[in-house]
Amino acid sequence: MTPKNKTYTTTASYKPEKLKLKKSFRAMSGMLLATLATVGAHAQKTEGELEGITLEEVVVTGTLIRGTEVTGSQTIGVDAQKITEIGAVNTNEVLASVPQITNFFNDRPEVEPRASANLVVSRPNLRNMPGLNSSTSAVTLVLMDGHRIAPVGVQAAIVDADIILGNTLERVDIVTDGGSSLYGADAVAGVINFVTKDKADGVKIDLDYGAADDMNTVNVNLSAGTSWDTGSIYVAATQSNRDGLRTEDRDWAKIGTYDDDGNFVKAGESARTECLVPVRSQYGWYNYGAGWTDNPAAPGAGPKSAGDPTCDHYAQSTLLPEQERKGLFLSYQQEMNDSVQFGVKAYYSQRENTFFSYPLGSSAPGSFDVTTNPGTLTPAEIAQFQDPNNPNVVNYPAGAGFSYGAHPAYPDSDQEVEMSTWGVAPTLTIAMGKDWQLRNTLYYGRSYNKNVIPEVNDQRMVAAVNSGQLDPLNVASADADVINNILNWETKKETIHELFLARVVADGPVIELPAGDLRVAAGFEVAEDRVRTRFGTGNRGSLSDTDYARASRDNTSVFAEVHVPVLDNLELSASVRHDDYSDFGKTTNPQFGFSYTPTDWLRVYGHWGESFNAPTTLDTLAFSTGRAANQTVQQIQDADVYGEWNGQGTYTVPTEGTKPGVQPQTATSWALGFDMEPIEGLMIKANYYEIDFQDILGGLSVPSEQIRRDFPDKFIWHPTKDEWAQYLTEIQNPEVFDGIIDPNDPNATLAYIFDRRVTNFGEATMKGVDFGVQYVHDTSFGTMDYGITGNHQIEFELTEGGVTSDSLEFASDLTAQGSVGWSRDNVRAKLTVNYTDGFEADNASNQSKVDAFIVTNLFFGYEFQGSGFTEGLSLRFNIDNVFDEDPSEYRYNDTNEDKYSSFTLGRMYKVGISKTFN
């Protein structure tokens with residue numbers, strides 16, 4: 001555990017908290033005083049002086065100028081009707097309906113359970129940008145009502161889109177091209193802006209229930225609001241619960257092996273020996289007539305299960321965590337006078353995820369040790385443990401694998417991840433006259449994040465076994481205090497994020513041109529990002545004795561945008577933003593766009609721009625952590641391309657975290673597209689884009705022969721005693737190796753150290769096309785609509801460490817969605833098909849191709865048109881994955897786990913009812 005009172009700070013960037021708060025409030029107070037003074041001046045104007053003043057605000061995502069559309073970039077919208085048709089109960093499900101969000105579409109729209117020890121939130125990823133799961137930062141910017149919000153995460157700083165309540169959404173705006181010239185960091189691939197409702201009249205109740213095999217979901221939303229001539233107030237609350245799934249609950253997630261022909265053979269149990277019914281961890285010694293061998297590569301060597309036939313650890317692992325969500329939302333809007341409007345929006349969200357696992361266990365030491373000299377076996381021992389079918393093999397008891405779950409005092413030991421966040425954003429909008437407007441936004445947000453992983457103290461276990469207090473063959477007979485002492489151990493991580501933001505934007509016309517007004521917008525923004533984090537392994541609850549490591553960042557930005565109507569059918573735009581960060585310096589990012597409408601049914605547009613993604617404040621702490629991973633001989637040999645392994649030690653130590661000195665990722669992108677409506681009701685769209693991505697933040701994947709050849713400097717084979725001691729000083733959790741790796745003889749169990757820490761080491765070139773066709777027409781039986789939209793990746797070349805590879809060689813390059821809808825009066829029905837293209841597979845498990853994954857969803861909605869109870873009543877019914885399709889099988893390596901591509905819960909039925917009381 002991190003030593004008590006040991007504090008880490010970034011150089012020259014951390015100041016005492018009280019000073020930071022005072023500084024932030026001074027900045028915010030100064031802005032408020034300035035704008036309130038302006039309010040007072042406007043309040044004293046006469047009616048004649050107010051001519052030309054309007055509070056009508058039409059600002060779309062991708063521009064800061066009211067009354068204009070985005071020039072040069074593609075926009076994608078998800079409106080309230082589509083959100084209803086999806087049957088989504090959270091925001092991530094809404095994003096998963098967009099093919100351009102490649103990591104959510106037809107896939108798992110939340111964090112992979114295996115990554116839950118470090119990551120707790122999935123980030124939407126437009127354009128399939130690289131490095132997504134290796135860096136704490138994100139290259140798709142997520143906004144709420146046009147401004148940033150506080151991030152969440154334990155060992156990451158990520159904006160969690162799922163904190164936004166589904167019943168508060170007005171729409172979702174997506175701009176797929178870089179937006180750093182307006183919004184700053186993280187808008188490399190594009191911007192996703194969640195636009196929330198300003199007002200709603202009456203009381204509304206939404207009830208949603210979903211059911212699939214082995215799981216249910218329940219979602220309850222309650223909202224209430226009222227409006228008057230000059231303002232409104234609106235409040236909403238939500239509560240949702242979701243059952244979790246274990247791997248055994250879905251056949252396609254089962255484990256197994258493959259025969260020589262590539263056929264799947266289900267395994268009866270996993271290779272783990274820590275079972276509820278104790279099993280022997282046996283090791284085969286072989287006499288070939290010339291002595292004994294302890295080579296673990298010898299046939300039949302290694303742990304062998306000999307007990308509980310249901311001991312399948314993987315089957316009990318989490319496929320989908322159990323989840324409970326709560327949320328609150330408030331909107332208040334008020335016109336203070338004819339030229340001033342005040343508003344405030346606030347939110348609170350809490351989410352708890354529970355991850356399943358097989359009950360904790362250990363492997364006890366053997367009753368005697370012959371690992372160094374098997375010749376010490378006596379004739380009686382040989383006779384006792386000799387294999388009757390092979391006199392050259394002796395299977396001696398090297399120790400018992402057992403689970404503590406057999407003891408009645410076994411405590412609840414599931415991993416728990418908790419996140420809670422809240423924020424408040426007051427706004428002040430001032431009409432200045434002559435169609436100029438001043439918009440002021442203040443924001444403060446905070447999140448608390450906790451990840452608790454129950455573990456076993458193996459040192460205490462060994463002491464209990466050696467003293468006779470614990471019999472590994474009869475765990476239930478031990479005293480409860482002994483079990484509680486051994487299991488009084490956990491890895492716990494806590495992080496608190498805070499974000500202060502103050503922004504002023506002024507926009508209006510500058511000069512009247514023949515084709516219209518030349519309009520500009522300009523503004524400045526100050527932000528302060530603050531993080532506190534602590535983690536360690538120790539007795540349960542002991543983390544509270546550890547001080548937080550802290551870091552802080554200030555950022556000041558100025559930005560401007562101009563929109564020029566050159567001709568009646570030609571518009572140009574330009575924008576630029578300059579950011580000054582307190583920790584890594586300054587950056588300036590421009591963007592240029594055009595829109596040309598040669599006819600009333602065709603628009604051609606394009607853009608060029610630069611974007612960047614700043615390392616997060618958490619990254620500046622440059623934490624490093626290590627963990628012990630017990631590898632198979634084959635896995636170690638795959639990495640040993642230079643013959644450095646001496647056959648001793650099967651543990652490897654991956655080092656994770658962030659290296660010191662990481663710099664921003666940068667990108668240059670351009671796009672060219674068109675929208676055309678050749679006949680009434682038919683819309684055709686296409687958008688070609690190219691992105692040149694530099695200084696990619698990322699870490700290496702699991703060791704392989706290729707990685708070993710490309711990055712030899714990332715490995716330390718058989719570290720010496722001094723090298724291991726130095727390594728322990730460089731990580732924040734050296735205690736995790738206690739009882740596993742002997743500091744006086746690390747080579748006895750350790751093969752190599754592998755550096756996977758995040759750093760700037762790659763670049764990528766991406767090319768692709770977004771496309772869409774939609775047709776709507778009336779018939780005698782109602783209105784029909786048809787549509788198809790998607791993304792095709794043409795090129796994705798990734799260069800890491802000077803080695804260039806084709807990232808599309810063994811990955812899908814096409815995602816698409818087709819739909820057919822019918823509407824008549826108060827009835828709506830829609831059939832949607834989501835498609836992820838198949839791809840060529842490598843031959844790791846004798847598989848040449850991964851099949852396409854096709855999911856069909858059905859929606860039916862009915863709005864009652866009556867009085868009394870049926871007034872304001874509506875029903876909806878969804879079937880997700882109508883044909884219960886399994887994800888495509890993908891045997892991407894020789895292991896027997898996670899052999900699927902894409903993700904689904906299976907066929908799920910959803911029923912919803914809404915009732916509004918006016």
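**Exercise 1. List the residues that V172 is in contact with, leaving aside neighbours within four places in sequence.**

Solution. This is a predicted model.

The largest nonpolar core has 48 residues, and V172, F194 and F693 have the most contacts inside it. Strand β31 (residues 682–698) gives this core its largest share, 4 residues. A second, separate core has 15 residues, among them A364, F402, V465 and V475.

**Exercise 2. Work out the strand order of the open sheet of 4 strands, and explain why β1 and β2 stand at the edges.**

Solution. The order is β1-β3-β4-β2, with mixed pairing. β1 (75–79) and β2 (140–144) each have a single partner strand, so one side of each lacks a neighbour in the sheet. On average, neighbouring strands are turned by 15 degrees against each other, direction ignored.

Now take β2 and β4 (residues 190–196). They run parallel and are joined by 5 bridges.

**Exercise 3. Decide whether L873 is buried or exposed, then find what it touches.**

Solution. L873 lies in strand β42 (residues 873–880). Its relative accessibility is 7%; buried means under 20%, so L873 counts as buried.

Then look beyond four places in sequence. L873 touches Y862, E863 and F864, as well as I913, S914 and K915. Check I913: 40 residues separate it from L873 along the chain, yet their C-alpha atoms are 7.4 Å apart.

Notes:
Residues are numbered from 1 along each chain as its sequence is written. This is a predicted model: local features need pLDDT of at least 70, side-chain atom pairs count only at pLDDT 80 or more; totals for chains, interfaces and linings use all residues. Side-chain values use heavy atoms; hydrogens and water are left out. Two strands pair if DSSP finds at least two bridges between them. Helices (H or I, at least four residues) and strands (E, at least two) are DSSP runs, numbered from the N terminus. Axes are lines fitted to C-alpha atoms, for helices over the stretch in contact, and angles run from 0 to 180 degrees between N-to-C directions. Buried means under 20% relative accessible area, exposed over 50%, partly exposed in between (1.4 Å probe, protein chains only). Contact means heavy atoms within 4.5 Å. A nonpolar core is a set of buried Ala, Val, Leu, Ile, Met, Phe, Trp, Tyr and Cys residues joined through side-chain atoms within 4.5 Å.
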